[in-house]
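Hi everyone, thanks for making time. Let me put the structure up on the screen, and then I'll walk you through it.

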Amino acid sequence: MNENFYKEALQAYTGNSENYSIQPLDGGLINHSYKITDNKTRESFLLQRINHHVFKKPENVQLNYQLLWKHLKSVGIDFFIPEPKYFSGDAELYWDTNHNYWRVFEFIEDGKMLTNAETPEQAKETAQTFAGFTAAFHDFDVSDLKDTIPDFHNLGFRFSQFEYALQKSQAEIKEKAGELITELKQRKQYVDFYNSLADSEDYPKRVMHHDAKIANILFSKTTGKVICPIDFDTTMPGFFFSDLGDMIRSMACSHDETSTDFENITICKEFYNVIVDGYLSVMSKYLTASEKKNIHYAGIIIIYMQALRFITDYLNGNIYYKTTYPEQNFDRAKNQLVLLKALEQVIR
């Protein structure tokens, strides 16, 4: 571990970078996170570097979190998220000499993360927690939030990227992916549905986490119950399908997105049902009639969108997603198409 990587930020926060124990934390794919413990008081906090290559404006990431935190405190809503801490002069971020952005949160000692939902109960609790997160901000002015990744869950934009990649990609690559490309094109009605809801008052924008998976929930080591959601970097205005769709894609699938066991990829109906039911048990009173009517489009849109993103990256020469072999993005796209077909059968 390169001590100088975090030492300047630690000095900026504590005024003294000595007498602290540092533990790098696993699990995050984008940011670098460290548990910092005072060797005298044994108190800990979370020091985190925001990846400014992914989040082009780190100040917007932190601004969003501050707005959400202050809203919860000002209106007295009983929904817990980790407390943000401040650098000298009440600075929310620290910009070091290597142009890295750092922030600090309280550290939750009793928290643990799960990679997968092992039981339907865990899946349901996760769905209820992310629903509770959005519900906690039902009267919040969502226009105050910044788009930390513009067009992140914009299906129309993702389809346009796909079409552009088709125009520019090499003939042999398009030929290999021909059948998959055809099947994705045949489902353009999902893009049309997205475009219709994006311009409709029946589908208001809400506070959405946009990375709603069980790995972004802290469970208690002691009780096994949910403590809180975490990792709010992609929290921004979004439509009804985003968080529910993310959970369906990541928890109701029989195999993860890297699996090439295409014959056995399917939707676990029990998990699908508890995820949808758990989400609606909290959010039903806030959703419009149109959102409720089309609730089963949530998983469809997100899985279809992810298939488009994987095949687009494959057509572009694998420039976005990390791969371990040249055809991996093709296999990932095929995986998601198989999963999409399985979900189409479930909700038919």
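Let's start at asparagine 294, which sits in the loop between α10 (289-293) and α11. Please keep in mind that this is a predicted model. Is asparagine 294 buried or exposed? Its relative accessibility is 14%, and the cut-off for buried is under 20%, so asparagine 294 counts as buried. Which residues does asparagine 294 touch, if we leave out those up to four places away in sequence? They are Phe193, Tyr203 and Phe240.

Phe193 takes us to the next stop, helix α7. This helix covers residues 189-198, and Phe193 is one of its buried residues, together with Tyr190, Val191, Tyr194 and Leu197. If you look down the axis of α7, those buried residues fall within an arc of 160°, so they line one face of the helix. And what lies over them? The cover includes four helices you can pick out on screen: α4 (155-168), α8 (241-251), α11 (297-315) and α12 (328-347).

Now over to a sheet. Here we have an open sheet of 3 strands, in the order β6-β8-β9, and the pairing is antiparallel. At the edges are β6 (111-112) and β9 (226-229), each of which pairs on one side only. How many bridges join β8 to β9? There are 3, with β8 spanning residues 217-220 and the two strands running antiparallel. As an example to click on, phenylalanine 219 has valine 226 of β9 as its bridge partner. Packed on this sheet is helix α3 (residues 120-135), which touches β8 and β9, and its direction makes about 125° with that of β8.

Let me zoom out to finish. The protein chain has 12 helices and 10 strands in its secondary structure. Its radius of gyration is 21 Å, close to the 20 Å that the globule rule gives for 348 residues, so the chain is as compact as a globular protein of that length. Along the principal axes, the C-alpha trace spans about 60 × 45 × 35 Å.

Buried residues make up 52% of the 348 in the chain. The accessible surface is about 16800 Å², and carbon and sulfur atoms hold 46% of that.

Conventions. Residues are numbered from 1 along each chain as its sequence is written. This is a predicted model: local features need pLDDT of at least 70, side-chain atom pairs count only at pLDDT 80 or more; totals for chains, interfaces and linings use all residues. Side-chain values use heavy atoms; hydrogens and water are left out. Two strands pair if DSSP finds at least two bridges between them. Contact means heavy atoms within 4.5 Å. Axes are lines fitted to C-alpha atoms, for helices over the stretch in contact, and angles run from 0 to 180 degrees between N-to-C directions. The radius of gyration is taken over C-alpha atoms; the globule rule is 2.2 Å times the number of residues to the power 0.38. Buried means under 20% relative accessible area, exposed over 50%, partly exposed in between (1.4 Å probe, protein chains only). Accessible areas come from the Shrake-Rupley method with a 1.4 Å probe; for residues, only the protein chains shown count as cover. The arc is that of the directions from the helix axis to the C-beta atoms.
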